[in-house]
Amino acid sequence: MEARVNGPANPDMITAIQYLYKAIHAGGADRRLLSLIHLRTSQINGCSPCVFASTESARKAGETDERLHNVVAWRDTPFYTEAERAALALTEAATRLQDGAPGVTDEIWDTAAGHFSEEQLGAITLEIALTNFFNRINRTIREQAGKTW
């Protein structure tokens, strides 16, 4: 499969994305958790460049291979905290909208809200949305895995 776009990204788009990342990181959510969210969203959407980039980013933030390899099966493994599980449940519910799933139920939201502040939930929600945004762009233009931007 070849990429459909090979040129550099629009500088205004890069600036806008940088501001979104600044807002996400100002929300106080743990950087490793944000990487797990990015990874799980990208796995669901089948976005290989984002799976690659998120695992590289997570490793740099101190994440273990054991946790990275098992995030796809987070419900059935002992490697995640209750807060991480709540964030991953929120991630899946917000991402699987196209599957006809009910989306983010009150139970899923309330569980996450029991672990995170409003600012952290805002950062987590924006990370989920931005990752879905990137996944759709990358799948459309056939971006190739191997870049860490």
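Where is the place of Arg-85? Arg-85 sits in helix H5, and I'll come back to it in a moment.

Hi everyone, a word on the model before we go on. This is a predicted model, in which local features need pLDDT of at least 70 and side-chain atom pairs count only at pLDDT 80 or more, while totals for chains, interfaces and linings use all residues. Residues are numbered from 1 along each chain as its sequence is written, and side-chain values use heavy atoms, with hydrogens and water left out.

Helices here are DSSP runs (H or I, at least four residues; strands are E, at least two), numbered from the N terminus.

Back to Arg-85, then. This arginine counts as buried at 15% relative accessibility; buried means under 20% relative accessible area, exposed over 50%, and partly exposed in between, with a 1.4 Å probe and protein chains only. Leaving aside residues up to four places away in sequence, Arg-85 touches Trp-74, Arg-75, Thr-77, Pro-78, Phe-79 and Tyr-80, where contact means heavy atoms within 4.5 Å.

Now to the cores. A nonpolar core is a set of buried Ala, Val, Leu, Ile, Met, Phe, Trp, Tyr and Cys residues joined through side-chain atoms within 4.5 Å. The largest one has 19 residues, and Leu-33, Ile-37, Leu-90, Phe-116 and Ile-124 have the most contacts inside it. Helices H1 (11–26), H2 (31–45), H5 (82–95) and H7 (118–141) each give two or more residues to this core, and H7 supplies the largest share, six residues. Take a look at Phe-116: not counting residues up to four places away in sequence, Phe-116 touches Leu-33, Ala-83, Ala-87, Leu-121 and Ile-124. There is also a second, separate core of nine residues, which includes Leu-36, Leu-68, Trp-74 and Tyr-80.

How do H5 and H7 meet? On the H5 side we have Leu-90, Thr-91, Ala-94 and Thr-95, facing Leu-121, Ile-124, Ile-128 and Asn-132 in H7. The axes of the two helices come within 10 Å and cross at roughly 45 degrees, which makes H5 oblique to H7.

Key. Axes are lines fitted to C-alpha atoms, for helices over the stretch in contact, and angles run from 0 to 180 degrees between N-to-C directions. Angles under 35 degrees count as roughly parallel, over 145 as roughly antiparallel, 65 to 115 as roughly perpendicular and the rest as oblique.
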